[in-house]
Structures are given as C-alpha cells and as structure tokens.
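Hi,

Here is the structure I promised to pass on. Have a look at it first, and then read my notes below.

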Amino acid sequence: MSIQQLPPELVNQIAAGEIIERPASVLKELLENALDAGAAAIRIELEAGGKRLLRVRDDGRGMSAADLEMAVRPHATSKIRSLDDLEQVATLGFRGEALPSIASVAALRLTSRCPDSDHGHCLDPQDPQSPRPAPHPPGTTVEARDLFHQVPARRKFLRTERTELRHIQELIRRVALGRPEVAFQVSHNGRELMHLPALSPEASGDRVRELMGAGFADAALRLDTEAAGMRLSGWLGLPTASRGQPDLQYVYLNGRMIRDRLVSQALRRAYADVLFKDRFAAYLLHLQIDPMQVDVNVHPTKHEVRFRDGGLVFDFLRRQVSRALAESGASAVVEGSNADPAGEGRVQQVSAAPAPHGPLPRAVEGQTGRLPLAEARALYATETAAEDIATPAAAPEDDADASVSSSMPRLGHAIAQIHGVYVLAESSRGLILVDMHAAHERIVYERLKQQYAAMSLARQPLLVPVAVNVTPTEADRAEDNRAILDQLGLDVDRAGPEQLRIRGVPALLKDADAAGLLRDVLAELDNPGQDESSEVMEDRMSRLLGTMGCHGSVRANRRLTRPEQEALLRAMEETPNIDQCNHGRPTWVELDMAGLDRLFLRGR
Ligand SMILES: Nc1ncnc2c1ncn2[C@@H]1O[C@H](COP(=O)(O)OP(=O)(O)OP(=O)(O)O)[C@@H](O)[C@H]1O
Ligand SMILES: [Mg+2]
C-alpha cells in the first residue's frame with residue numbers, strides 16, 4: 001500500500017477514539033467547554049442514558065457565526081495561541097479537538113449567541129447553509145444525538161441505559177463538586193434528576209453534603225493550607241467516614257478534575273496511619289499550583305498530569321494531610337440535639353461542641369493526687385505489657401470532688417471500668433468513654449512504628465520457642481522474607497517442611513499469641529507490591545506493623561486497676577492518631593455537660 005493522507009473525517013474519528021468512550025465522555029467535553037465559557041448556570045438534558053441525546057445549555061459568553069464554524073474544525077481553539085500559552089494554560093480545554101471529535105461520532109448541533117448580539121446562530125455540520133440565524137438566549141446550546149450511530153464497532157461497546165446514566169451521574173457529580181459556584185440542572189428522559197443551585201464559597205459545604213452524603217459531611221474536616229507556593233483546600237473525611245472502595249475521592253488541580261497516581265499515593269500514605277488495610281479514605285481536595293509547574297497535556301482526556309517537581313508535590317500533600325488528620329483531635333463527640341440551626345445543612349466538623357481542636361495537650365507532670373506523667377508512661381513502656389502492670393506507689397486516692405480543674409488532662413481522670421470493655425473518665429467538659437481495646441491497639445501500633453522507625457524494636461526472646469504448623473508455601477515465604485520478619489522483631493526459623501519455630505517476638509507483643517501473630521504476618525506478606533520502590537516498601541512495613549499491633553492489645557474483659565485506667569488515658573494523650581484505632585473506629589467519645597443536660601431535659 002502506498003502512503004496516503006487520511007481523509008479528515010477519518011482523522012477525526014481516530015482522534016475521537018482517544019477521548020470519546022461513552023456518553024459520559026461527550027458530556028465531560030461539553031461541560032468543560034461551558035465552564036471555560038464562564039457559565040454560571042448549566043442545564044443538561046439526557047435521553048436514553050445519553051446515547052440518544054445529550055444536550056448542554058449554558059449562559060456563557062457564546063460564539064459568533066464565524067466562531068461556530070471554526071469551533072467544529074480540528075485543532076481550532078480560542079484558548080491557546082502558542083507554546084507559551086500552553087505552558088500556563090488556565091482553561092480546561094486547549095487541544096481544539098473535542099467538538100470535531102464529537103461531530104465525527106454523533107450528530108452535533110450548536111446554537112449560540114454572544115451577549116452583545118440580538119440573535120443567535122445555529123450550526124449543523126450536515127447543513128451546507130448553516131450557520132443560520134436562530135433564536136437563543138445569550139450563551140450556547142450543544143446537542144449531540146445518536147452517539148456512535150455511524151460507528152457500529154464502537155456502538156457495540158455501549159452499555160445499558162442504566163449503566164451509561166450511572167457514568168454520567170458520576171461525571172456530573174465530579175464536575176459539580178469542583179464548581180459549587182455554578183448551578184446545575186439535570187434531566188433524563190424528561191424527568192428531573194438533579195437541581196443544584198449556585199453557591200457562595202461559604203456555603204459550598206452544602207454541595208458537598210448533597211453530593212457526597214451526610215455520612216461524609218458529618219465526619220469531614222475542613223482544610224485550607226499553603227506552603228511552598230502550593231495551596232491545598234477542601235474536605236478530609238475522617239477515618240469514621242472511610243469506605244470499602246475508593247468511590248469518594250475527588251481531587252482538582254487548578255480546577256481540573258484529575259486522577260493522578262502520585263496524588264492518590266500521597267494521600268494514601270497520609271491516611272495510612274489512621275486507616276487500616278482495605279479501607280479507603282474519602283476526600284474532596286483542591287490543589288492550587290503555579291500552572292508552569294505542571295504539564296496537563298499528558299493525555300487527551302487530561303486526567304493525568306505531570307508535575308515538574310513530583311517529589312515536592314508528594315511531600316506537600318502527604319505532610320499537610322497527615323498533619324491535619326493528626327491534629328484534628330476530632331474524636332467523635334457524642335452529639336446531643338444542639339445542631340446549631342445556622343450551621344444546619346453545612347459540613348461541620350465531627351465535634352458539634354466546641355471541642356478544642358489541635359494536638360492533645362500534654363499531661364502535666366506531678367499533678368497533685370494524680371499519676372505523674374513519667375510513671376504513667378512507664379506503665380505502658382516498651383517492656384511492660386498491660387497484663388503485668390502493677391499498682392504504682394503513687395496511686396491516686398479516690399477523691400471524687402477534686403474534679404474539675406483547668407489543668408485537668410485532656411482525657412480527664414478515670415472513674416471506673418464498665419463491663420471490662422470501657423473506661424469511664426471525668427473530663428473538664430463532661431464525661432469520656434474509652435474503648436480500652438481499640439485505644440490500646442492504637443497505642444501498641446504507634447509504639448511499634450516508633451521503635452521500628454528508630455531501628456530499635458525491642459525484642460523478647462521466648463523461653464520456650466513456639467512451633468507453628470504451616471503450609472509448605474507459608475514456610476517458604478517465611479524463609480524468603482527472613483530479613484523483613486527480623487526487622488519486625490520476629491525471630492523465626494524453619495523446623496521442617498511444614499513447620500516454623502518462633503524464637504522471639506517484639507517485646508511489646510510478648511504476651512500475644514505468637515502463632516496467630518506469625519500467621520497473620522505471613523498472610524500479609526502474601527501481597528507484595530508490584531514495584532519495590534521505597535515508598536511501597538515503607539507502606540508495606542506499616543501495614544505489617546498494623547497487623548502486628550492488633551495482637552498486642554488488652555484482651556477484652558480484663559479488669560484494669562484504677563492506676564492502669566489512668567495510665568491508659570495518659571498514654572492515649574501521648575499517642576499520635578489516638579482518636580481512631582487501627583481499623584478507623586473511634587477509640588473514645590466525649591459527652592459534654594450540655595449534652596448530659598439535654599439527656600435529662602435539664603435547662604441551664
Ligand atoms: N459552550 C461554549 N461556549 C462558548 N464557546 C465554546 C463553547 N464550546 C466550545 N466553544 C468554542 O469552541 C472551541 C472549540 O471547542 P473544543 O472543545 O473543540 O476545543 P477546546 O475546548 O478549545 O479544546 P479541547 O479539545 O481541549 O476541549 C473552543 O476553543 C471555544 O472557543
Ligand atoms: Mg473543549
């Protein structure tokens with residue numbers, strides 16, 4: 001075959017293959033064009049899951065008759081003129097290929113009017129007489145009908161109306177979450193699906209609540225932080241709002257929705273300390289960066305981006321997010337019915353009461369009648385497992401009245417233990433309930449991490465080695481991963497084809513069921529990362545430490561003495577990320593006096 005220039009129609013269809021996969025991708029292009037045109041309100045009409053009709057009407061700056069003709073030509077754009085422009089592009093579109101691509105796979109019609117002209121024009125690429133004058137309010141309507149009608153090979157891949165509509169709704173959700181100042185109205189087969197009013201920045205939480213749900217909104221932390229020339233703002237779902245799948249993760253880079261590996265990895269790492277294993281964080285974040293520092297022209301769909309200094313961005317995201325999570329102090333305060341009406345419908349931080357956010361204040365050393373910090377710390381120190389905690393000399397006497405003082409530690413003082421599961425404490429604001437098991441799990445995990453990071457994991461040789469029966473594969477895996485096991489403080493060797501022997505464990509876990517511990521660690525070792533970058537390794541180690549942490553906590557139904565309860569509270573105050581256990585469940589809740597009064601219908 002001799003070399004020939006492809007006909008433009010075919011060129012467009014090939015280009016369309018890159019960006020138009022399904023009705024939702026057509027809609028994405030049309031919505032981005034409307035937003036680039038400065039629309040304040042966008043109306044979307046759909047038929048048959050967008051397969052039969054997608055119509056987008058905006059009130060943006062519109063197009064003249066001449067522009068309409070240009071708009072559907074390949075590589076025609078009003079958004080950039082030069083390479084310089086491309087390097088600092090601020091619009092969502094810039095490739096000048098969306099409309100011609102859509103025109104090659106669907107029946108496209110554009111009607112538009114500039115605000116300063118008294119009528120609009122309609123362009124139908126099939127009609128040689130067009131553009132023709134047509135009535136239209138200022139703005140633009142784009143209609144795409146019968147997607148892939150002339151391209152049977154692609155039409156085959158379209159799914160049911162329901163499925164395509166689901167993709168469309170997710171797309172609209174993503175676009176609308178990124179632009180709360182724009183109103184969106186959506187109908188399908190003549191039925192109204194969504195009506196989102198335009199919101200002021202202060203009210204943008206309303207849209208978050210509407211589209212991401214109350215479950216997220218009620219357990220989200222507002223973030224707005226700047227460093228190194230970057231700004232990160234939005235909402236971070238607390239661990240209690242975590243999900244079984246990564247379906248509530250929205251990231252916008254300079255207003256553009258992106259799905260970027262570097263970004264999601266950084267966020268995953270930031271959450272690694274408060275979320276366990278198979279849980280996924282929920283968040284909505286806007287990252288603002290100098291456009292010169294990022295290349296958005298990596299892929300035709302523009303979902304991926306390339307950062308000039310990826311390491312810097314990674315670090316910034318990870319640090320800001322983990323700091324915000326660690327500092328949130330947003331343990332679940334038991335909410336009474338005091339939802340402040342002004343805040344109703346808005347995203348609020350979890351604590352409805354004015355809980356002091358920020359890091360837990362350190363307990364004051366040598367407090368009268370209370371357990372000194374050093375001793376409290378010693379109680380939970382490396383070598384001491386909860387089982388062995390002896391009553392210290394300086395046990396607090398039972399002074400029920402020396403209670404409310406301003407120097408009271410954050411988690412108050414222990415009063416009692418309830419059914420071997422909860423510790424009840426009196427705090428300066430009311431009462432606190434601690435889930436002993438969950439709290440201890442977190443304490444042990446953080447200690448393990450700390451010791452591991454300092455390469456000083458304390459070990460406890462076992463007097464009598466524990467034999468563990470395993471499968472030959474598990475035995476091999478243990479042998480292959482000896483270095484890792486060793487770093488984790490597990491001294492394991494092979495006793496036979498199907499038997500391992502544990503000779504030592506981390507001191508923090510000396511009372512744990514060693515066999516169960518080893519089995520869990522081996523199971524976790526079964527999922528090695530695809531690439532062995534240091535990030536992935538580090539990730540894996542913290543997962544392993546998390547698995548181990550679960551084996552170290554106080555058994556349920558164990559009676560703690562008062563000093564032990566007190567020590568637990570003090571240790572909690574010293575532990576990062578203490579508000580949630582390794583599995584993301586809360587470790588403590590607080591019921592303040594106002595909440596108590598409400599329970600008893602007691603006016604104050
Ligand atoms: N809704 C609209 N309102 C006003 N002008 C529009 C609208 N839609 C498209 N245009 C004009 O048509 C041009 C072509 O649109 P098209 O989507 O094909 O390319 P683009 O947006 O420039 O780049 P990309 O291919 O990256 O989307 C745009 O540059 C813009 O000038
Ligand atoms: Mg475009």
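Let's start with a strand pair: E16 and E17 (residues 422-426) pair in the antiparallel sense over five bridges. Ile418 stands opposite Tyr422 of E17.

Before going on: this is a predicted model, where local features need pLDDT of at least 70 and side-chain atom pairs count only at pLDDT 80 or more, while totals for chains, interfaces and linings use all residues. Residues are numbered from 1 along each chain as its sequence is written, chains are lettered from A and ligands numbered from 1 in the order in which they are written, and side-chain values use heavy atoms, without hydrogens and water.

Both strands belong to an open, antiparallel sheet of four, ordered E16-E17-E18-E22. Its edge strands are E16 (413-418) and E22 (588-592), each pairing on one side only.

What about helix H14 (472-480)? Its buried residues are Glu474, Ala475, Arg477 and Ala478 (buried is under 20% relative accessible area, exposed over 50%, partly exposed in between, with a 1.4 Å probe and protein chains only). They sit on the same side of H14 because they cover an arc of only 160 degrees around the axis, taken from the directions from the helix axis to the C-beta atoms. Thr473 and Asp480 are exposed on the face turned away from that buried side.

Cheers

Terms used
Helices (H or I, at least four residues) and strands (E, at least two) are DSSP runs, numbered from the N terminus. Two strands pair if DSSP finds at least two bridges between them.
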